[in-house]
Amino acid sequence: MDIRTPVANNYGDLATKFADTWKSQISRLQTKFSGAIEETRMPGEFPVDVPILYVKKDSIIGVLSFLKTEQGFDYGFLADLTAIDEGPQEGSSVPRFEMVYNLYSLSTKARIRVKVRLREGEEISTAIPVWQGADWAEREVFDMFGIKFTGHPDLRRILMADQWQGHPLRKDYPLRGYQLFTEPDPINQSLLD
């Protein structure tokens, strides 16, 4: 079975159902953000379920805001925000990380995915001005991958102990990277006030 073969689901064949909507939206995005969109992957042309837009990191907030507020898009729900680690590649010019924004339109029921490629140590702007709900998801990405978000109001670990060394979802993190702590994290009094 080819991954491009539509699979029956409760919502029907998304690639057929939203093909015209997605083509129109991608065309408008490419016109509006011509220099910001690096690549587009459409269902049927690539083994993807929804369109994927690769956006330059400096333009991510503008593109996300446009997708949320512009008439005919209405991607008002940030369904998920995560990252992908392609692993360290010696001497490679390929960026190591991809930030992934999965968006959903409550009015049209359409989905779209926006990605940003990042090199090791690069920061990206926080999406909190667009979606307040990005707060904890960005903290999780910071905690698990070590990606920093410029402008985030409280970027600190959310899952691992403050004294934890490293970022467990990186591909270079040791498979059995156990860390045991005999002392609990100190209480941050400012969080209690």
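Start by selecting strands S2 and S5 (residues 111–118): they pair in the parallel sense over 3 bridges. Two strands count as paired if DSSP finds at least two bridges between them. Helices (H or I, at least four residues) and strands (E, at least two) are DSSP runs, numbered from the N terminus.

A word on what you are viewing: this is a predicted model, where local features need pLDDT of at least 70 and side-chain atom pairs count only at pLDDT 80 or more, while totals for chains, interfaces and linings use all residues. Residues are numbered from 1 along each chain as its sequence is written, and side-chain values use heavy atoms, with hydrogens and water left out.

**Stop 1: strand S2.** Show the side chains of residues 52–55. Ile 52 and Tyr 54 point one way, Leu 53 and Val 55 point the other way, and all are buried. Buried means under 20% relative accessible area, exposed over 50%, and partly exposed in between (1.4 Å probe, protein chains only). Why the two directions? In a regular strand the side chains alternate between the two faces of the sheet.

**Stop 2: helix H3.** Select residues 60–69 and colour the buried ones: Ile 60, Val 63, Leu 64, Phe 66 and Leu 67. They lie on the same side of H3 because they cover an arc of only 160° around the axis; the arc is that of the directions from the helix axis to the C-beta atoms. What do the buried residues of H3 pack against? Look for helix H2 (19–32), S2, S4, S5 and S6.

**Stop 3: Ser 105.** Next, pick Ser 105 in the loop between strand S4 (97–104) and S5. Ser 105 counts as buried because its relative accessibility is 0%. Its side chain makes a polar contact of 3.2 Å with the side chain of Ser 107. A polar contact is a pair of N or O atoms within 3.5 Å; within protein, one must be able to donate a hydrogen and the other to accept it, and residues adjacent in sequence count only if both atoms are side-chain atoms.

**Stop 4: Ile 128.** Finish in the loop between strand S6 (124–125) and helix H4 (134–145), where you will find Ile 128. Leaving aside neighbours within four places in sequence, Ile 128 is in contact (heavy atoms within 4.5 Å) with residues including His 152 and Pro 153.
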